[in-house]
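This briefing sets out selected features of the structure shown below. The points are grouped by topic.

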Amino acid sequence: MGLLNFFISFAVMATIYSIFVLGLNVQWGYTGLLNFGIAGFFAVGAYTSALFTMHMPTGALANYVTQAFGLGMPFLVGVIAAAIASGLVSILVGALTLRLGEGYLAIATLGIAESIRIFFNNESWLANGPQGLVGLPQPLHNLVSPQYYSYVYLVIVLIFLAVIYIAVEKGIRSPWGRVLRAIREDEIMANADGKNVVFFKMQSLVVGAMIMGIGGALYAHYSAAIQPGVFEALFGTFIIWTMLTLGGTGNNKGGILGAWIVWAIWSWSTYLIAKVVPASFATRAPFIRYVLIGVLLIVIIVRFPKGIMGEERQVSKF
Amino acid sequence: MKTSEPILSLRNVRKYFGGVKAVDGVSFDVYPNRITGLIGANGAGKTTTFNLITGFYKPDEGDILYKGERINGLSLHQTFHKGLCRTFQISRELKLMTVLENLMLVPPDQSGENLLKTWFMPGVVRREEIKNRDKALSILESVGLLHLKDEFAGNLSGGQKRLLELGRTMMAGAEMILFDEPGAGVNPTERKTLAARIRSLVDNQNITVLLIGHEMELVMDICNPIIVMDWGKKLAEGTPDEVANNPEVLEVYLGGSKK
Ligand SMILES: Nc1ncnc2c1ncn2[C@@H]1O[C@H](COP(=O)(O)OP(=O)(O)OP(=O)(O)O)[C@@H](O)[C@H]1O
Ligand SMILES: [Mg+2]
C-alpha cells in the first residue's frame with residue numbers, strides 16, 4: 001500500500017509537470033519563444049489561486065499570517081484566476097520584449113521570474129513572505145479519508161491535463177498552429193505571407209503562460225502549502241525544459257512522456273543517492289540531483305537533439 | 001503604351017543607409033497586367049526598392065501609392081493584405097514544414113488562424129482547410145512539385161525552391177507580385193519554363209508583376225517595360241529594345257558601373 005501511495009503522489013506531480021511542459025511546448029516547441037521564466041508563471045498561478053480560495057486568517061493565526069486578501073472562492077475560480085493572472089503577466093513581458101530580438105524574451109523572463117520570487121519573499125503583506133501560505137483548500141477533500149486524497153487529486157489533475165492536451169492539439173493542428181510554426185521557422189517569411197508576427201507570438205506566449213498558471217494552481221492545492229523557495233529556477237524552470245527536450249520538442253505526447261521520465265528520475269534519485277553515497281554525503285543529495293538534471297539535459301541536447309519523439313512531419317490535420 | 005491608370009506609383013522615394021544612398025529619389029509607375037522589369041548592376045538599389053514598396057523598410061522621403069492609396073508606413077504583413085506579394089532574392093522557405101504546409105500557410109484570413117474558432121467552430125475550419133488543401137495541391141501540380149508535397153521544404157533543390165516560391169505567390173490571391181530574381185540558382189532550361197509560368201500568371205489571372213532580374217534573357221523575353229537603376233537612381237525606362245540600345249545602359253552593363 002505504501003508503494004502504491006508513493007506511486008500515486010508521484011503520478012500527481014508528473015501530471016502537473018506534464019501540464020507545464022504543454023505550456024512550454026506551445027511557446028518554445030511550436031513558436032520558438034525562449035521562456036526561461038516558467039517558475040515565475042508557476043508562482044503567479046500558485047499564489048493567485050491561494051489568495052482567491054483561502055480565507056483571511058482569523059483569531060490567533062492572524063498574529064502570524066498576513067496576506068493581502070483571501071476571498072474564500074471555490075477551487076475552480078482559483079484556477080481560472082491563476083490562468084488569467086499568469087496571462088496578464090505574460091502580456092506585460094511580451095509587450096516589452098516581443099518586438100525586440102529573440103534573446104530579449106529569454107533574459108526578461110529569467111529576470112522577471114526571479115523578481116516575482118523575491119517579491120513574494122520580501123513583501124510579507126502580500127502572501128506572508130518567506131513562510132508562505134499554509135492550508136490551501138483541497139477540492140473534494142471530504143470524498144475519501146485524507147490518506148487516499150491523492151487518488152482523488154490524481155483524477156482531477158488528469159482531467160485538467162486531458163482538457164489542456166486536447167485544446168492545444170486542436171489549435172496546433174489548425175491554421176493557428178501553422179502560423180506559429182511558420183514564425184518559428186522564419187519570422188520574415190511568415191510576415192511576408194501576411195501574418196502579424198508580433199500578434200501571434202503574443203498569443204502563443206499568453207496561451208503558454210495561462211497553462212503554466214493553471215499548473216501552478218494545481219500544484220499549490222495539492223501541496224496545500226507554498227513558499228517562495230519552491231519557485232526557484234531549477235525546480236520551476238529547468239526541469240521542465242529538460243522534460244520537453246527529452247520527450248521531444250514540438251510533440252505534445254513526447255513532452256508528456258518526458259515529464260514522466262524526468263520526474264521519475266528526479267523522485268527516485270534522492271532515494272537511490274541516499275543508498276549509494278556515504279551518509280556524510282547524503283545531506284548533499286539534492287545538489288547531486290541538480291547535477292544529474294544538468295548532465296541529462298546536456299546529453300540529450302548533444303546526443304538526441306530531437307528527443308524521444310520529434311515533431312511529426314505533417315502537423316496540420318485536415 | 002499606357003493603357004490605364006498605374007496600379008503602383010513611386011514618387012521621389014529615397015532611402016539612405018548611413019552614407020549609402022541605396023534608393024535616391026526614384027519615381028516610376030507600374031501598369032496593371034504587365035510584367036515590368038527592374039534591372040541594374042549589383043548594389044543599384046533594386047531589392048531596397050522592393051523592401052520599400054512592401055513595407056519591409058520605411059522610405060526616408062517620398063510616397064508610394066498602390067491603387068491610388070498611400071501605402072508607405074504600412075508594414076510587410078499589411079501590404080500583403082492590400083494585395084502585394086513579394087519573393088526574396090535568396091529563397092526563403094519554412095524548412096521544417098512540408099511543401100504542402102508551406103503553401104497552405106499563405107491564404108489570408110483563414111478562420112482557423114483564430115484559436116477560439118479552432119475550438120468552437122471546428123466544422124467551418126475543417127471545410128476551409130479542405131478547400132485550402134485542394135487549392136494547394138492543384139497549384140503544386142501546375143508547378144510540377146506534387147510528388148514532393150510531403151517533403152520538408154528545406155530539402156528541396158535550388159530550382160525546386162524557386163518553383164515553391166512561385167506556387168506561394170499563386171496561393172496568395174495577390175493582385176500584384178514582386179519577384180526578386182526568380183531565376184537565380186535555376187538552370188537555363190528550368191528558367192525558361194519559369195519565365196513561361198510567370199507570363200501565364202499575368203495573361204490568365206489578371207496579375208501584375210514587377211520583376212527584378214539579373215539574367216538578361218529572362219528579363220528581355222518577358223518584361224515590358226523595363227526600368228534600369230544605377231546607384232540608387234533611375235537611369236532609364238522603356239521597351240526592351242529601347243533599353244538595350246540606350247548608350248548609358250550599355251555603359252553600365254558592358255563598361256562596368258563606375259563612379
Ligand atoms: N539593411 C541595409 N543596411 C545597410 N545597407 C544596405 C542595406 N540594404 C541594402 N544596403 C545597401 O544598399 C545598396 C543597395 O542594395 P540593394 O540590395 O538594394 O541592391 P540590389 O540592386 O538589389 O543589388 P543586387 O543585384 O546585388 O541584389 C547596397 O550598397 C547595399 O549594400
Ligand atoms: Mg538585390
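In strand E9 of chain B, B:Met229 is the bridge partner of B:Gly40. The model discussed here is predicted. The points below begin with the sheets of chain B and then turn to helices and individual residues.

**The six-stranded sheet of chain B**

- Chain B has an open sheet of six strands in the order E6-E7-E8-E3-E9-E10, and the pairing is mixed.
- Its edge strands are E6 (84-86) and E10 (233-238), each of which pairs on one side only.
- From one strand to the next, the twist averages 20°.
- Strand E3(B), residues 35-40, pairs in the parallel sense with E8(B), residues 208-212, over four bridges; here B:Leu38 stands opposite B:Ile212.
- E3(B) also runs parallel to E9(B), residues 226-230, and four bridges join the two strands. Within this pairing, B:Gly37 stands opposite B:Ile226, and B:Gly40 has B:Met229 as its bridge partner.
- E3(B) is mostly covered, with six of its six residues buried.
- The burial of E3(B) extends to both faces: B:Ile35, B:Gly37 and B:Ile39 are buried on one side, and B:Thr36, B:Leu38 and B:Gly40 are buried on the other.

- Between E1(B), residues 8-17, and E4(B), residues 61-66, the antiparallel pairing comprises five bridges. B:Leu65 in E4(B) is the bridge partner of B:Ser9.

**Helices of chain A**

- The axes of H6(A), residues 149-172, and H9(A), residues 197-223, come within 11 Å and cross at roughly 180°. H6(A) is therefore roughly antiparallel to H9(A).
- On the H6(A) side, the residues that meet H9(A) are A:Ser150, A:Tyr153, A:Val157, A:Phe160, A:Ile164 and A:Val168. Their counterparts in H9(A) are A:Ile211, A:Ile214, A:Ala217, A:Leu218, A:His221 and A:Tyr222.
- By class, this contact between H6(A) and H9(A) has 10 nonpolar, two polar and no charged residues.
- Helix H7(A), residues 175-185, is largely enclosed by the rest of the structure, because nine of its 11 residues are buried.
- The buried residues of H7(A) include A:Trp176, A:Arg178, A:Leu180 and A:Arg181.

**A:Ser316 and its contacts in both chains**

- A:Ser316 is placed in the segment after helix H13(A), residues 285-303. With a relative accessible area of 4%, A:Ser316 is buried.
- Not counting residues up to four places away in sequence, A:Ser316 touches A:Arg173, A:Arg178, A:Arg181 and B:Glu101.
- The side chain of A:Ser316 makes a polar contact with the side chain of A:Arg178 at 3.3 Å, and another with the side chain of B:Glu101 at 2.5 Å.
- A:Ser316 and A:Val155 are 161 residues apart along the chain, and their C-alpha atoms are separated by 30 Å.

**Two further buried residues**

- A:Gln67 lies in the loop between helices H2 (38-53) and H3 (75-97) of chain A. Its relative accessible area is 6%, so A:Gln67 is buried.
- The side chain of A:Gln67 reaches the backbone oxygen of A:Phe69 at 2.8 Å.
- Leaving aside neighbours within four places in sequence, A:Gln67 is in contact with residues including A:Leu51, A:His55, A:Trp125 and A:Leu133.
- B:Leu194 lies in helix H7(B), residues 188-205, and counts as buried at 4% relative accessibility.
- Not counting residues up to four places away in sequence, B:Leu194 touches B:Arg162, B:Leu163, B:Leu166, B:Pro182 and B:Gly183.
- The C-alpha atoms of B:Leu194 and B:Leu156 are separated by 16 Å, the two residues being 38 residues apart along the chain.

Note on methods: Residues are numbered from 1 along each chain as its sequence is written. Chains are lettered from A and ligands numbered from 1 in the order in which they are written. This is a predicted model: local features need pLDDT of at least 70, side-chain atom pairs count only at pLDDT 80 or more; totals for chains, interfaces and linings use all residues. Side-chain values use heavy atoms; hydrogens and water are left out. Buried means under 20% relative accessible area, exposed over 50%, partly exposed in between (1.4 Å probe, protein chains only). Contact means heavy atoms within 4.5 Å. A polar contact is a pair of N or O atoms within 3.5 Å; within protein, one must be able to donate a hydrogen and the other to accept it, and residues adjacent in sequence count only if both atoms are side-chain atoms. Two strands pair if DSSP finds at least two bridges between them. Axes are lines fitted to C-alpha atoms, for helices over the stretch in contact, and angles run from 0 to 180 degrees between N-to-C directions. Angles under 35 degrees count as roughly parallel, over 145 as roughly antiparallel, 65 to 115 as roughly perpendicular and the rest as oblique. Ala, Val, Leu, Ile, Met, Phe, Trp, Tyr, Cys and Pro count as nonpolar, Asp, Glu, Lys and Arg as charged, and the others, Gly among them, as polar.
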